[in-house]
Amino acid sequence: MADVELVPDDRGGVTVLSDGHPQSHVCLADPGLLAFEYVQHLGCLVDAMPPGRLAVTHVGGGGLTLARYVQHTRPGSPQIVLEPDAALTETVRRELPLPRGHRIRVRPLDGAQGVAGLRDASADLVVVDAYAGGRVPASLTTPSFAAGLARVLAPGGVVALNLADEPGLRFVARMAATLRTPLPVQSLVGTHEVLKGRRFGNSVLVATREPAAVERLDLPRHLARSPFPTGVWGPSRVARWSAGAVPFDEAGGQGPQAPDPGRWRLV
């Protein structure tokens, strides 16, 4: 069970810390405020999806920031959140209550177990943003987990994985290789500093079965509004870049540890 701390800021928001690691930023007065750079990138992806309600599955809940954003921008969207830390969820729901009329359902399950229990073709968007001790759990990097993500996607659906990595993005490249068989069409989103290997940071790997799904998103246009200088690698570039990477096996591979848990970029 994680040690949870809520730290208010001067913008009316709260940063949720889990074992000292900044996990989420929530602003109840403005659910459209996305403070972490990678969450802004995920928000842009939500905006790029086809209009109307979206069926969204979140692997990892934290402060439910992105789930709140989906409810704010696409009211009534059915959402499932897989968050194994029941104490964290209880604290967040008590101190940072969800808006009225939401359709956000939190299940106290880890990602691998939770995805295995989802219906086929049940999600338009699956967001994998789960960390334990500041690292991506190994159970979320296996071929069977990748196949499960592909199974639950509805036609035209996409998966987005938030992946923290060191300069060189070797962990991200191995994740791209692991996903390649069930979800062969991939794009990579990140700040220029991260994509150029200048610092440890987060990038978002977007994957789907259908090339047209990525083309319809038109991610560069939507990401242009980000206050951070952001780049997008298209499917051809990601395929070339990750071609020599070794996929993870069923033992998986834990993501690298951030050098300093406090080094997160905020707006």
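Strands S1 and S2, the latter spanning residues 14-18, are joined in the antiparallel sense over five bridges. One position in this part of the predicted model can be named on both sides: proline 8 has valine 14, in S2, as its bridge partner.

The pairing belongs to an open sheet of three strands, arranged in the order S1-S2-S3 with antiparallel pairing. Strand S1 (4-8) and strand S3 (21-26) form the edges, each pairing on one side only. From one strand to the next, the twist averages 25 degrees.

## Helix packing on the sheet

Helix H3, which covers residues 86-95, lies across S1, S2 and S3. Relative to S1, helix H3 runs at about 30 degrees.

## The second largest pocket

The second largest pocket has a volume of about 170 Å³. Its lining comprises 14 residues. Those lying nearest the centre of the pocket are Ile80, Arg107, Leu118, Arg119 and Ser122.

Three strands are the elements that contribute two or more residues to this lining: strand S4 (56-59), strand S5 (79-82) and strand S6 (104-107). By residue class, the lining of the second largest pocket divides into six nonpolar, four polar and four charged residues.

Note on methods
Residues are numbered from 1 along each chain as its sequence is written. This is a predicted model: local features need pLDDT of at least 70, side-chain atom pairs count only at pLDDT 80 or more; totals for chains, interfaces and linings use all residues. Side-chain values use heavy atoms; hydrogens and water are left out. Two strands pair if DSSP finds at least two bridges between them. Helices (H or I, at least four residues) and strands (E, at least two) are DSSP runs, numbered from the N terminus. Axes are lines fitted to C-alpha atoms, for helices over the stretch in contact, and angles run from 0 to 180 degrees between N-to-C directions. Contact means heavy atoms within 4.5 Å. On a 1 Å grid over the protein atoms alone, a cavity is a set of points where a 1.4 Å probe fits but cannot get out, and a pocket is an open set with protein on both sides within 12 Å along at least five of seven lines; lining residues have an atom within 4 Å of a point. Grid points are joined across faces, edges and corners, and a volume is the space filled by probe spheres set on the points. Ala, Val, Leu, Ile, Met, Phe, Trp, Tyr, Cys and Pro count as nonpolar, Asp, Glu, Lys and Arg as charged, and the others, Gly among them, as polar.
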